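Biologist: I'm new to this one, so please pick a single part and walk me through it up close.

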Amino acid sequence: MKQNSKYNNDILRVNISSLSLRNPTILASGFLGISQELFNKLYRYGVGAVVSKSISTQPMEGYKNPTVVSLGNGSYLNAVGLSNPGAESFSKEVISNKQVPLIISLVGSTDSDFLPMVKKFDHLNICGYEINLSCPHVTQMGMEVGDDPEMVNRIIKTVKSYSRKPLFVKVGVGNSDIIAVAQIAKDAGADGITAINTIRAMTIDIETSMPILSNRIGGLSGKPIKSIGIRCVYEISKKLKIPVIGCGGVFTWEDAVEFMLAGASAIQLGSVIGYEGIIAFSRITSGIKKYLERKGLKNAMELIGLAHKY
Amino acid sequence: MHINIDHIRIVNIDNIIEETPSIRTLIFRDKLSSNAHPGQFLMVWIPRVEELPLSVMISDKKMHAAITIRKGGFGSTALFNKKVGEIIGIRGPYGNHFTIIKNMKKALLIGGGTGLVPLMRLATKMNEFGINSTFVMGARSKTEVFFEKQANRFLKNTKHKVIVTTDDGSYGFKGSATDTLATIIKEEKFDRVYTCGPELMMKKVFALASEYSVSVEASLERYMKCGIGICGSCCVGEQLVCKEGTVFNEKDLRLMTEFGRIYRDKTGRKSHIVDYN
């Protein structure tokens, strides 16, 4: 497609484990992620890859509204509650996927939840999985599972025993040490780490004295968590020598480059979409390209972990 | 001071109008909402109960706006039961809006239920621009007819007609709003048809208007969470109702394979639309 040719640019191509992406920008899980037609549109608009909303074995309604609160200054608080159509329905949604590099995010409580889901997706045109071990606002899912080292080990081994597609594990900042969880994931056979998820946070309306989110507590995303994300990516990639996908408050190409210098092979975008829509992908991509040219670099991968030596 | 429209504004309910036994209009003071364009919506917070997307209704009072709610689910019933003096939170107005064509002479507005709300706001614009309008309002029966008097009043400076239809014939014309449209559109030439209401009604309106090569704008409804274009819950194919809508024109509608067919529930699963006989 002619429309896509400007995004097919070798200087921007990155490899993460066995994945090869035309550029390092990825849609973060939870944003815009239930419609194949939207995935196609994102691809037309230049996305390198798409991560779906986290999918569970059964459909989930999530929490009552309000589920998303805009805090201003490039940040959001959300407790959507992992609403998703369930593996059966979502596998039918993406059955028509032809060209979008699609990573399926999976969430569950025990290792036995994952195998039936992987069996539904593995034969489809998808390019990998991201296991959500870090959603900070649903009990017995996400972060609560991530805090159980033995369960993390079993889940990853279960998925890897069935699928040859690359598996990424999304970790966050919570009770457990993020590096320790990433280490367990690596030892169990994960191909890469996505860091970070939202961070547990809260907001209260001062006129009514009431928490705004129906779940009261949610996850903070956007600009305020960027530097925490940079630190996590830096530490994980430096200590663990495993591919890392950076996530958390990327709004500009400068943010993306910073994540890559910290050790990220690619970066995920989410909150920025609330400010400028999906045009953000091509804008950030072209910013990275100009930076690479100015620095005389031949490929974006040369940026990965450059800050480690200092 | 600059107001961030995404931040919840707490407003006091100043007045309540009982439109029908199951529909009420709640009036509150809010400058931003009072200036909303027809078709824009607010995310309305019923503290510790729900947050609902609702089209902005017009109020006669300066600097005031309103929302019109039909009691039904948990959230809408809680909102319906609010009393004068109680508070709600609002953010927005969000979304695009109905548009008026340059040199427009005649418009047709057609809707039903609380879908009449954005059309009422549009009616005041028609009045302001001196555009002659025919306003078709559909209801199941006489007890569910509302906004008829207000529509006549809002359109008072133009040559206008307000036609009410009821399914059971207990008031106005017997039959559906689209039955009446089928007759009118044959006889008169309109520059644009504006519609909001049950989606299968809008689908018929779109089909009729297309048949007679009349431009259409329809305001769609989908389940919403964020209202600001990030969660994707309200998608119709590749379009987001909260951001690229709620108003879509005939070009958009023609490409929307899900229009009049598919609705996504809270989980994101697709189901077939069965809202109209």
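Modeller: Let's start just after helix H9 of chain A, where A:Gly263 takes a positive phi of about 130 degrees. Keep in mind that this is a predicted model, where local features need pLDDT of at least 70, side-chain atom pairs count only at pLDDT 80 or more, and totals for chains, interfaces and linings use all residues. Residues are numbered from 1 along each chain as its sequence is written, chains are lettered from A and ligands numbered from 1 in the order written, and side-chain values use heavy atoms, leaving out hydrogens and water.

H9 itself covers residues 253-262 of chain A; helices here are DSSP runs (H or I, at least four residues), strands likewise (E, at least two), both numbered from the N terminus. Its buried residues (under 20% relative accessible area, 1.4 Å probe, protein chains only) are A:Asp255, A:Ala256, A:Val257, A:Phe259, A:Met260 and A:Ala262. What sits over them? In chain A, the cover includes strands S1 (14-16), S10 (192-195), S15 (244-247) and S16 (264-269), along with helices H8 (226-240) and H11 (280-294); contact means heavy atoms within 4.5 Å.

As for the two chains, 38 residues of chain B are in contact with 39 of chain A. One link is a salt bridge between the side chains of B:Lys270 and A:Glu93, 3.8 Å from N to O (Lys or Arg side-chain nitrogen within 4 Å of an Asp or Glu carboxyl oxygen). The count between these chains is 4 salt bridges.

Note on methods. Buried < 20%, exposed > 50% of the residue type's maximum accessible area, 1.4 Å probe, protein only.
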